[in-house]
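Welcome! Here is a short briefing to read alongside the structure.

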Amino acid sequence: MTDGALRPLRADARRNREKILAAAVRVFTTEGLDAHLERIAKEAGVGSATLYRHFPTREALVEAVYRNEVAQLCDAAPALLAQQPPTEALRAWTRLFLDYVTAKYGMIDALRAIAATGSNPYGHSREMIQAALTSLMEACTAAGAIRTDIRPADIGAALEGIALTSAGAEHRQQAERLLDLTLDGLTVRP
């Protein structure tokens, strides 16, 4: 649904909105938040008017991008669990978490500015991410694949620490090694 409307978006409008959000992540990540919105519209394959119809301000676009990234990250947990063994799903999800943090890292100043206006772009994102991580860890525990003395909040804190120190794309290899180290420490050894 649109923010102010009570009816769902038409299929073509929904597709355009999704294309704009995906293009905005790519452009903001590579060019920063000062990137021209027209550049995002072009990258999305839509006109500037279409972009502004969905997102009348840069702040509205940044907030929508952030919320969309959180939703995609959280929605990935059950999909990954349906497609692969729990430990592989957890490992794949942690890589998606890095992607999410890298995108968020590029938007952090704008998100802070939005929060300063009284809006809360973060909403329930921490709880949503924790719930996704919990579902993955519970599946791993049920499979007997990970230690039972480590809580999802512990792994969440480790992921946040890895992301904080290695959020930039230039640090991706280090972040992946740290994720492997963390996940290897979580694994039950025969």
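Helix α4 bends by about 30° at Ala 77, the bend being the angle between axes fitted to the seven residues ending there and the seven starting there. A proline, Pro 78, follows within four residues. This is a predicted model, in which local features need pLDDT of at least 70 and side-chain atom pairs count only at pLDDT 80 or more, while totals for chains, interfaces and linings use all residues. Residues are numbered from 1 along each chain as its sequence is written, and side-chain values use heavy atoms, with hydrogens and water left out.

**Helices and overall fold**
- The protein has eight helices and zero strands; both are DSSP runs numbered from the N terminus (helices H or I, at least four residues; strands E, at least two).
- Helix α4 covers residues 58-83 and reaches 37 Å from its first C-alpha to its last, close to the 38 Å expected (1.5 Å times one less than its number of residues).
- Of the 190 residues, 37% are buried, meaning under 20% relative accessible area, with exposed over 50% and partly exposed in between (1.4 Å probe, protein chains only).

**Nonpolar cores**
- The largest nonpolar core has 29 residues; such a core is a set of buried Ala, Val, Leu, Ile, Met, Phe, Trp, Tyr and Cys residues joined through side-chain atoms within 4.5 Å.
- Helices α4, α5 (86-116), α6 (125-142), α7 (152-166) and α8 (172-186) each give two or more residues to this core.
- Apart from it lies another core, of 21 residues, among them Leu 21 and Leu 51.
- Trp 93, Phe 97, Tyr 100 and Ile 129 have the most contacts inside the largest core, a contact being heavy atoms within 4.5 Å.
- Beyond its neighbours within four places in sequence, Ile 129 touches Val 70, Leu 73, Cys 74, Trp 93, Phe 97 and Tyr 100.

**Salt bridges**
- There are 14 salt bridges, each a side-chain nitrogen of Lys or Arg within 4 Å of a carboxyl oxygen of Asp or Glu.
- Arg 95 pairs with Glu 176, the closest N and O atoms being 3.0 Å apart.
- Because Arg 95 lies in helix α5 and Glu 176 in helix α8, this pair ties together parts that are 81 residues apart in sequence.
- Arg 95 is buried at 15% relative accessibility, whereas Glu 176 is partly exposed at 24%.
- Asp 180 also forms a salt bridge with Arg 95, at 2.6 Å between the closest N and O atoms.
- Arg 91, Arg 95, Asp 99, Arg 172, Glu 176, Asp 180 and Asp 184 are linked in a salt-bridge network.
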